[in-house]
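Me: I am new to this structure and would like to go through it by question and answer. Please show it first.

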Amino acid sequence: MDATRNSESATERNPVTVERTSERELVVTRTFDAPARLVFEAWTKPELFRKWWVPKSMGMTLRSLEMDARTGGSYRLDFGDGMDFFGTYLEVTPHSRIVWTNEEGGDNGSVTTVTFEEKGGKTLLVMSEVYPSKEALDAAGTGAADAMHETFGQLDDLLAQLHA
Amino acid sequence: MVQYTQPHLDSVFAALADSTRRGVLEQLGRSEASITDLANRFHMTLTGMKKHVGVLERTGLVTTEKVGRVRNCRIGTRRLEEAAAWIERYQQLWDARFSALDDVVEELQRKERIDGRNKK
């Protein structure tokens, strides 16, 4: 199934596109109004990465983050309660490409590839997640996204209470 | 690792992976049809079409009802909405992340400008 969605740009924020391009692949694209080397820096320096990877609306706290963003290096994000995400950087090419494994998924873990393409001072970011099988993608259920959705739900409830 | 299994979605995506079944859904989206109608339209045997409709019915994408000797099929929308919601949640996550990433990158640019000015 090809499901494409564009975020409604109520604000001037650049839109995010999510597309299931095949049975095993999800592709996310987004443009940033900055040169590729800065966007790349924010993906590879832990002190910058932790500022945006877990946005407040996700309702999760990053307990610890270790990342060695070099080809062959590893990373681990620990959210506590036994929830951690870890893997290996298969490729880190400055300012253009990062590829890593998601090993917490075991045999069903995906491989993520992020590319940065600079044009006229802006950067087009393309992130692809390839799963070993269609079933693995279907079952992944994007756990973090589900968690965030719940958070939005809780926020809705809270706002409704405040307005009452 | 936290495993979120979504058996409904598994079966929905499996059902949608087949082009005949997607065609059947499109067809039923336009109007109800009997299994015989569908078999004729897709140049299939009655048995083959029954199997496809069975797969769609188990996911909730299609509902059927027997009227006399004819089994009528119509679209059931619930699960399709669920599949769309899954992608939507994924998109919400990335929208939030990238908005925060905008801030980080903007901050880096500001620092660079200040550093550049100081060097002059």
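**Cores, strands and a helix**

Me: Which residues touch the most other members of the largest nonpolar core?
Reply: The model is predicted. Its largest nonpolar core has 35 residues. Those touching the most other members are A:Val18, A:Val39, A:Ala42, A:Trp43, B:Trp94 and B:Val105.

Me: Which element gives the most to this core?
Reply: In chain A, the elements giving two or more residues are β3 (25-32), α1 (36-44), β5 (74-78), β7 (97-101) and α3 (134-140). In chain B, α5 (78-119) also gives two or more. With nine residues, the element that gives the most is α5(B).

Me: What does A:Trp43 touch, not counting residues up to four places away in sequence?
Reply: A:Trp43 is among the core residues that touch the most other members. Not counting residues up to four places away in sequence, A:Trp43 touches A:Phe49, A:Ile98 and A:Val114.

Me: How many residues are in the second, separate core?
Reply: B:Ala15, B:Leu38, B:Val53 and B:Leu56 are included in it. B:Val53 and B:Leu56 are also buried residues of α4(B). The number of residues in this second core is 14.

Me: Which residues form the covered face of β5(A)?
Reply: In a regular strand, side chains alternate between the two faces of the sheet. The uncovered face of β5(A) holds A:Ser74, A:Arg76 and A:Asp78. The covered face is formed by A:Tyr75 and A:Leu77.

Me: In β5(A), what is the bridge partner of A:Ser64?
Reply: Strand β4 (residues 64-67) of chain A runs antiparallel to β5(A), joined to it by four bridges. The two form a hairpin with six residues between them, and in its turn A:Gly72 has a positive phi of about 90 degrees. Across this pairing, the partner of A:Ser64 is A:Asp78.

Me: In β6(A), what is the bridge partner of A:Leu77?
Reply: Five bridges join β5(A) to strand β6 (residues 84-93) of chain A, and these strands run antiparallel. Their hairpin has five residues between the strands, with A:Gly80 at a positive phi near 80 degrees. A:Leu77, on the covered face of β5(A), has as its partner A:Phe85.

Me: How far apart are the end C-alpha atoms of helix α4 (residues 46-59) of chain B?
Reply: The helix has 14 residues, and at 1.5 Å a residue it should span 20 Å. The model agrees with this, because the end C-alpha atoms are apart by 20 Å.

Me: What arc do the buried residues of α4(B) cover around the axis?
Reply: The buried residues in α4(B) are B:Met49, B:His52, B:Val53, B:Leu56 and B:Thr59. They lie on the same side of α4(B), because the arc they cover is only 115 degrees.

Me: Which exposed residues does the face of α4(B) turned away from its buried side carry?
Reply: An α-helix has 3.6 residues a turn, so residues three or four places apart point the same way. The face of α4(B) turned away from the buried side carries B:Leu46, B:Thr47 and B:Gly54.

Me: Is B:His43 buried or exposed?
Reply: B:His43 is found in the loop between α3 (35-41) and α4 of chain B. Its phi is positive, about 50 degrees, although it is not a glycine. With 9 other C-beta atoms within 10 Å, against a limit of 12 or fewer, B:His43 is exposed.

Terms used:
Residues numbered from 1 in each chain as written. Chains lettered and ligands numbered in written order. Predicted model: local features only at pLDDT ≥ 70, side-chain atom pairs only at ≥ 80, totals over all residues. Core = buried A, V, L, I, M, F, W, Y, C linked by C-beta atoms within 7 Å. Buried ≥ 20, exposed ≤ 12 C-beta atoms within 10 Å, placed from the backbone. Contact = placed C-beta atoms within 7 Å. Pairing = 2+ DSSP bridges. Expected span 1.5 Å × (residues − 1). Arc of directions from axis to C-beta.
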